[in-house]
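Q: I have a model open and would like to talk through parts of it. Can we start with a helix pair?

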Amino acid sequence: MSYFEFLAEHGTTLLLGTVTTIKVLICSMILYVIISMIFGLMRLSKNLIIQGIATVYIEFFRGTSLLVQLFWVYYVLPFFGISLEAFVAGVVALGLNFGAYGAEIVRGGILAVPKGQWEAAHALNFSPAKRIKRIIIPQIFPIILPPAANLTVELLKATALVALVTVVDLTFEAKQINSITWLSAQCFGTALLIYYIMARLALVPFLRWLEVLAAKKVGRGNA
Amino acid sequence: MEMGFRWDFAYEILPQMLWATFNTIIAAGVGYAIALVVGLFFLLGQRTPSKIINGINREIVEFIRSTPLLIQLFFVYFVLPQFGIKLSAWVCGMITIGLHFGTYLSEVYRGALEGVSKTQWEACRALNFSTAYTYRKIVLPQAFPIAIPGMGNYLVGIFKDTPLLSTIGVAELFHAATAVGGYNYRYLEPYTMVGIIFLILSVPAAMWVRKLERRVNIAQGKIKQ
């Protein structure tokens, strides 16, 4: 069986799996960005309780393995009466895990904004909320986007794990085809290629574009 | 089925889990050792004068870095036997982890070498030291401390990725938890214990790495004490 015959027979299945992978990626990306923002800010709170909650959250999710968290959400939460669909469980686990890493990036970004900016906003009598929203947040994007881009590529790779809790994504389909046909090189090789194309030709250019956009917005890029 | 955490069951499976933890630590250690060496080879590929080798090296590194470790594991585990190379799950796992994280470590090495000031090289050239001598006595001793935090981070990273080995049947901690859970139809205790064991081992390790990082930064004058 030539490779083209393989593609003709199983290409559609793999592409359908790819669509699921993209869905998982987009949903968990949105979730992790929101969580990173919230916990990154909480981490810098002067209130010790809020700061403590954020620290425990971040240390917990960075300290354990993503696969363990994923299985815990999918197989153990039902013991407590919370049954999540596989897709939701996957997105939640990915979002929580990467949110913890993202929160550290956000924290670093906020700390990297020059102190003068805070002081100037203070001097202009902006409210604390306005200070964060209008002055600090727009300035952190050029700082946090490069590390966040790396993290997002890691997220794309990590979406492969949701196949292990029965989400029918690209990895799941590749595994399935492998167990039927035993054409391991073709199906896993194709899956690897698709992940590579998604990362190099779609995700990375998109993130670079965001970086340029963010740099322009604060007047640092060459418009 | 009984709800809530059953302490007696947790206690009963504890010896099994601890034994499997031992396997996990060995897997992480061996994988890391391979990754350290593989990283050196990728670094070498990057620094050879040949443009063609540079390019090939870069593409390989990019490819390995932007594809999931899980599928790489499957690939090595299922494809090699079709070419007549029969390796155990352990060996496949160690090779894959070594290759995957070797690409990351080569970046750490590169960053560390570039972290050594160029004037050091110029001074050595002026003193007529050979390249080998310059590396051995001047550059590497300065580059090594810069590389330590990154190297430590990936040790913790490898440790946290070892559960993936369970998918090809390596009997590490997560594999044991799944087996125990399946046997007793109770996943709450085994998976929770895996989480706790990971926390106990990796949080102190990560804190230690951060402390090292701080020390290196202070020594380099990047931050003040």
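Q: At what angle do helix H4 and helix H6 of chain B pack?
A: In this predicted model, helix H4 (residues 89-115) and helix H6 (residues 131-161) of chain B pack at an angle of about 150 degrees, with their axes 8 Å apart. Axes here are lines fitted to C-alpha atoms, for helices over the stretch in contact, and angles run from 0 to 180 degrees between N-to-C directions. Helices (H or I, at least four residues) and strands (E, at least two) are DSSP runs, numbered from the N terminus.

Q: Roughly parallel or roughly antiparallel, then?
A: H4(B) and H6(B) are therefore roughly antiparallel to each other; that label is for angles over 145 degrees, with under 35 as roughly parallel, 65 to 115 as roughly perpendicular and the rest as oblique.

Q: Which residues make the contact?
A: From H4(B) they include B:Ile97, B:Phe101 and B:Tyr104, and from H6(B) they include B:Val139, B:Ala143 and B:Asp161. Two residues are in contact if their C-beta atoms, placed from the backbone, lie within 7 Å. The contact residues of this pair divide into 15 nonpolar, four polar and one charged. Ala, Val, Leu, Ile, Met, Phe, Trp, Tyr, Cys and Pro count as nonpolar, Asp, Glu, Lys and Arg as charged, and the others, Gly among them, as polar.

Q: Before going on, what are the numbering and the confidence limits?
A: Residues are numbered from 1 along each chain as its sequence is written, while chains are lettered from A and ligands numbered from 1 in the order in which they are written. As this is a predicted model, local features need pLDDT of at least 70 and side-chain atom pairs count only at pLDDT 80 or more, but totals for chains, interfaces and linings use all residues.

Q: How many residues does each chain give to the contact between A and B?
A: Chain B gives 29 residues and chain A gives 32. On the side of chain B, H8(B) has the largest share, ten residues. That side divides into 20 nonpolar, seven polar and two charged residues.

Q: Which residues touch the most other members of the largest nonpolar core?
A: Among them are A:Leu67, A:Ala191, B:Ile71 and B:Ile158, in a core of 111 residues. A nonpolar core is a set of buried Ala, Val, Leu, Ile, Met, Phe, Trp, Tyr and Cys residues joined through C-beta atoms within 7 Å. Buried means 20 or more other C-beta atoms within 10 Å of a residue's own, exposed 12 or fewer, and partly exposed in between, with C-beta atoms placed from the backbone.

Q: What does A:Ala191 contact, leaving aside neighbours within four places in sequence?
A: A:Ala191 contacts A:Leu14, A:Leu170, A:Thr171, A:Ala174 and B:Ile71.

Q: And A:His10, buried or exposed?
A: A:His10, in helix H1 (residues 3-43) of chain A, is buried, with 20 other C-beta atoms within 10 Å. Beyond four places in sequence, A:His10 is in contact with A:Ile177 and A:Cys187.

Q: What about phi of B:Tyr185?
A: Phi of B:Tyr185 is positive, near 55 degrees. B:Tyr185 lies in the loop between helix H7 (173-184) and H8 of chain B.
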